[in-house]
Amino acid sequence: MALKPIDPNSLEINPFTSIGTDWMLLTAGNKEKHNTMTVSWGGLGVLWRKNVTYVFVRPQRYTMEFMDKEKYYSLCLFDKSYKSALSLCGSKSGRDINKDKETGLTVMFDQPAPYYAQAKMVFICKKMAKQAIDPHSFIDINIDQTFYPQQDYHRVFAGDIITILKDQ
């Protein structure tokens with residue numbers, strides 16, 4: 001398996017299944033210290049004339065420390081055989097365990113953000129904006145009641161996609 005850069009215009013992906021069903025790993029940090037977490041909320045699109053990703057991180061997540069500190073992050077998509085690894089990364093904190101060791105995933109540092117060698121696709125992103133979700137903006141009040149009973153509103157990061165790597 002070799003990940004190689006691809007032209008963003010050649011991207012063929014269903015974001016609804018890739019993000020919402022198959023999940024992704026969001027990773028930020030550096031060689032000395034990094035963390036990853038599973039995300040199933042996010043998006044791909046165009047903003048400010050750039051190809052972007054959107055990711056949502058709750059403030060108490062350990063990965064938030066790395067997202068706040070670093071300029072870059074990665075989003076990794078995997079085939080279905082890695083679902084249990086992604087499940088662990090979404091249910092355990094990097095404060096308590098070494099997720100790389102526990103999952104057997106190989107972290108790579110040859111891009112501006114760490115990513116995983118076993119991924120089938122990787123988005124390397126440079127942070128452009130961060131915004132806290134404001135509950136006053138909800139038109140559908142069920143969102144607040146359903147997803148934020150503890151009022152731990154996500155932070156939304158928009159990242160400029162600087163490289164897309166794909167298993168070739």
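Mentor: Welcome! Two strands pair if DSSP finds at least two bridges between them, and strands (E, at least two residues) and helices (H or I, at least four) are DSSP runs numbered from the N terminus. This is a predicted model, where local features need pLDDT of at least 70, side-chain atom pairs count only at pLDDT 80 or more, and totals for chains, interfaces and linings use all residues. Residues are numbered from 1 along each chain as its sequence is written, and side-chain values use heavy atoms, with hydrogens and water left out.

Trainee: Thanks! In E10, which residue is the bridge partner of Val 55?

Mentor: Strand E5 (residues 50–57) pairs with strand E4 (residues 42–47) in the antiparallel sense over 6 bridges. E5 also pairs with E10 (residues 155–167), again antiparallel over 6 bridges. Across from Val 55, the partner in E10 is Phe 157.

Trainee: Which residue in the turn of the E4 and E5 hairpin has a positive phi?

Mentor: Gly 45 stands opposite Val 52 in E5. The hairpin leaves 2 residues between E4 and E5, and the one with a positive phi, about 55 degrees, is Trp 48.

Trainee: Is Asp 152 buried or exposed?

Mentor: Asp 152 forms a salt bridge (a side-chain nitrogen of Lys or Arg within 4 Å of a carboxyl oxygen of Asp or Glu) with Arg 58, the closest N and O atoms being 2.8 Å apart. That pair links parts of the chain 94 residues apart. Buried means under 20% relative accessible area, exposed over 50%, partly exposed in between (1.4 Å probe, protein chains only). With a relative accessible area of 11%, Asp 152 is buried.
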